[in-house]
Amino acid sequence: MKVIPIASVCGRTVRAPERAPEATFAGGGAASVADAADAWHLIGEVGQCFDSNDCLGVTIDAVKVGLFRVDGEIHALDDVCTHGNALLSDGFLDGHEIECPLHAGLVDVRTGKGTTAPIVRDTRRHEVRIDGGNLYVRLSR
Ligand code: FES
């Protein structure tokens with residue numbers, strides 16, 4: 001299987017398979033991820049994606065995505081802060097809020113809502129699925 005590097009902004013580099021050839025999810029049929037615009041992207045095995053930091057930055061189709069694990073649930077947001085040029089996955093996760101490392105604005109990782117100034121625009125969310133122990137992300141358009 002071809003492997004591409006996924007840059008992590010949590011202080012390490014994660015390698016993950018480029019794409020899953022096909023994934024089947026509970027409640028539905030097979031979801032082809034080959035070339036569809038709404039493809040599910042395989043990030044890797046859930047147990048190996050996160051360290052104690054519970055945040056991970058990856059790049060999917062040139063989109064920087066921040067993944068945040070809270071109480072065993074994983075949330076995906078655009079990683080670039082809507083206030084400036086900082087990566088949320090470089091921030092500090094406290095409960096369901098990620099604190100931007102540049103100006104300390106807070107974003108709720110469940111909703112993408114900015115909860116404190118200076119963040120006034122919401123952060124785009126992406127879909128997350130876990131199947132067979134693997135973590136997948138589908139980009140919102
Ligand atoms: S860059 Fe994130 S709060 Fe300013």
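I began with an open sheet of three strands, whose order is β9-β10-β11 and whose pairing is antiparallel; strands here are DSSP runs of E with at least two residues, helices are runs of H or I with at least four residues, and both are numbered from the N terminus. Two strands count as paired if DSSP finds at least two bridges between them. At the edges of this sheet I found β9 (92–94) and β11 (106–108), each of which pairs on one side only. From one strand to the next the twist averages 25 degrees, where axes are lines fitted to C-alpha atoms and angles run from 0 to 180 degrees between N-to-C directions.

I noted that this is a predicted model, in which local features need pLDDT of at least 70 and side-chain atom pairs count only at pLDDT 80 or more, while totals for chains, interfaces and linings use all residues. Residues are numbered from 1 along each chain as its sequence is written.

Next I looked up how β9 meets β10 (residues 97–99), and found three bridges in the antiparallel sense; F92 has E99 in β10 as its bridge partner.

I then turned to β6 and β7, which run antiparallel and are joined by six bridges. They form a hairpin with two residues between them, and D61 in that turn has a positive phi of about 50 degrees. I also saw that I60 has V63 in β7 as its bridge partner.

Looking for the largest nonpolar core, I found 24 residues, with I43, L67, L88, V107 and Y136 having the most contacts inside it. Such a core is a set of buried Ala, Val, Leu, Ile, Met, Phe, Trp, Tyr and Cys residues joined through C-beta atoms within 7 Å. Among the strands that each supply at least two of its residues are β5 (40–45), β7 (63–70) and β13 (134–138).

Last, I asked where D54 lies, and found D54 in the loop between α1 (46–49) and β6. D54 is partly exposed because 17 other C-beta atoms lie within 10 Å; a residue is buried at 20 or more, exposed at 12 or fewer and partly exposed in between, with C-beta atoms placed from the backbone. Leaving out residues up to four places away in sequence, D54 touches F68, R69, V70 and L93, contact being C-beta atoms within 7 Å.

Notes:
Contact = placed C-beta atoms within 7 Å.
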